[in-house]
Amino acid sequence: MTEILQEPKTGVIITGGASGIGRASARALAEVGRPVAIWDIDQALAESVAKEIATEFGVSTCAAKLDVRECERFAAAIGDARQALGTVGGLVHSAGVSHPVPVEELDEASWDLVLDINLRSHALLVKVLLPDLRSNRGSAIVGIASINAILGNGLNPAYSASKAGLLALSRSLADRLAADGIRVNTICPGYIRTPMQDEPLANVPGLEQAYERQCMLGRMGEPEEIGRVVRFLMSDEASFITAENIVVDGGVVPSQR
């Protein structure tokens with residue numbers, strides 16, 4: 001008889017949780033009863049999303065205005081999440097920023113901004129969150145990377161480097177935390193309709209069509225299609241999966257190889 005795995009009900013912190021992939025991940029987790037903490041630099045939007053999810057799915061939620069570069073605020077924000085959600089047994093690092101300029105135009109400030117938000121903050125947040133993750137069964141971490149981590153992008157080296165670093169960091173964390181039963185994985189989305197894409201799609205003629213031509217499936221993806229993979233990796237259905245990267249891109253990476 002096949003065992004029916006029970007969904008963990010511990011709370012999940014989602015950085016960048018007020019929009020795009022972060023919001024879709026929060027909704028996907030709440031749909032199966034996971035309490036969620038929405039962290040975002042946009043306080044009003046974070047509070048709106050937290051209220052929307054609590055009303056629609058009946059789970060505990062909380063919201064915090066947080067710039068993930070402000071690592072000194074992590075402990076207090078985690079404490080607030082623990083109090084609101086009961087426990088914290090998961091992290092989805094979806095906060096991210098892109099500064100698309102080629103290397104000859106790159107400046108130190110923009111490089112540091114991208115690396116700090118996309119990579120450095122993830123390592124330091126995991127460090128502070130470890131006592132909670134270690135004390136809860138089935139704890140899991142998911143980092144949102146990018147196909148640029150695999151393919152590179154000549155017009156966006158800082159972003160590509162930060163996401164490639166996230167893959168290596170996550171494998172290192174998986175190795176270190178396996179003995180604690182904590183699983184660590186990443187997802188590499190392809191061309192997804194998120195707020196990060198709104199400006200380039202609106203201002204670069206033919207960009208959407210170019211994206212679609214690169215996809216075997218002939219279309220861009222939706223945030224919900226990433227959120228469902230996040231939900232799977234955070235669940236006991238993925239209990240034997242760690243140190244892995246799942247590419248969710250409609251076939252872009254295979255088409256470029």
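**Entry 1: Thr 186**

I began with the contacts of Thr 186, taking contact as heavy atoms within 4.5 Å. Leaving aside neighbours within four places in sequence, Thr 186 is in contact with Gly 143, Leu 166, Leu 167, Ser 170, Leu 233, Glu 244, Asn 245 and Ile 246. I looked up its place next: Thr 186 is found in strand β6, residues 183-189. Helices (H or I, at least four residues) and strands (E, at least two) are DSSP runs, numbered from the N terminus. Is Thr 186 buried or exposed? I found Thr 186 buried, with a relative accessible area of 2%. Buried means under 20% relative accessible area, exposed over 50%, and partly exposed in between, with a 1.4 Å probe and protein chains only.

**Entry 2: what I am reading**

This is a predicted model, in which local features need pLDDT of at least 70 and side-chain atom pairs count only at pLDDT 80 or more, while totals for chains, interfaces and linings use all residues. Residues are numbered from 1 along each chain as its sequence is written, and side-chain values use heavy atoms, with hydrogens and water left out.

**Entry 3: α1 against α9**

I turned to helix α1 (residues 20-31) and helix α9 (residues 223-234), whose axes come within 8 Å and cross at roughly 50 degrees. That angle makes α1 oblique to α9. I noted the classes: angles under 35 degrees count as roughly parallel, over 145 as roughly antiparallel, 65 to 115 as roughly perpendicular and the rest as oblique. Axes are lines fitted to C-alpha atoms, for helices over the stretch in contact, and angles run from 0 to 180 degrees between N-to-C directions.

The crossing of α1 and α9 is right-handed. A crossing is right-handed if the near helix is turned clockwise from the far one by less than a right angle, and left-handed if anticlockwise.

Which residues make the contact? From α1 I listed Gly 20, Ile 21, Ala 24, Ser 25, Ala 28, Leu 29 and Glu 31. From α9 I listed Pro 223, Glu 224, Ile 226, Gly 227, Arg 228, Val 230, Arg 231 and Met 234. By class, the contact of α1 with α9 has 8 nonpolar, 3 polar and 4 charged residues. Here Ala, Val, Leu, Ile, Met, Phe, Trp, Tyr, Cys and Pro count as nonpolar, Asp, Glu, Lys and Arg as charged, and the others, Gly among them, as polar.

**Entry 4: α1 against α2**

I then checked α1 with helix α2 (residues 43-57). These two pack at an angle of about 25 degrees, with their axes 10 Å apart. α1 and α2 are therefore roughly parallel to each other. α1 passes α2 in a right-handed crossing. Arg 23, Ala 26, Arg 27, Ala 30 and Glu 31 of α1 meet Val 49, Glu 52, Ile 53, Glu 56 and Phe 57 of α2. I sorted the residues of this contact into 5 nonpolar, no polar and 5 charged.

I stayed with Glu 52, which is found in helix α2. Glu 52 touches Arg 23 and Arg 27, not counting residues up to four places away in sequence. At 24% relative accessibility, Glu 52 counts as partly exposed. Glu 52 and Ala 18 are 34 residues apart in sequence and 11 Å apart in space, C-alpha to C-alpha.

**Entry 5: two loop residues**

Thr 194 has its place in the loop between β6 and α7 (195-203). Thr 194 touches Gly 20, Ile 21 and Pro 223, not counting residues up to four places away in sequence. I found Thr 194 buried, with a relative accessible area of 13%.

Glu 72 is found in the loop between β3 (61-65) and α3 (74-85). Glu 72 is exposed, with a relative accessible area of 64%. Glu 72 and Val 128 are 56 residues apart in sequence and 9.8 Å apart in space, C-alpha to C-alpha.

**Entry 6: cysteines**

How many disulfides are there? I counted 0 disulfides, a disulfide being a pair of cysteine sulfur atoms within 2.5 Å. Cys 71 is in no disulfide, and the nearest cysteine sulfur, that of Cys 62, is 19 Å away. Cys 71 is buried, at a relative accessible area of 17%. Cys 215 is in no disulfide either, with the nearest cysteine sulfur, that of Cys 188, 14 Å away. Cys 215 is buried, at 6% relative accessible area.

**Entry 7: Ala 243**

Most residues other than glycine have a negative phi. Ala 243 is not a glycine, yet has a positive phi of about 60 degrees. I placed Ala 243 in the loop between α9 and β7 (245-248). Ala 243 counts as partly exposed, at 30% relative accessibility.
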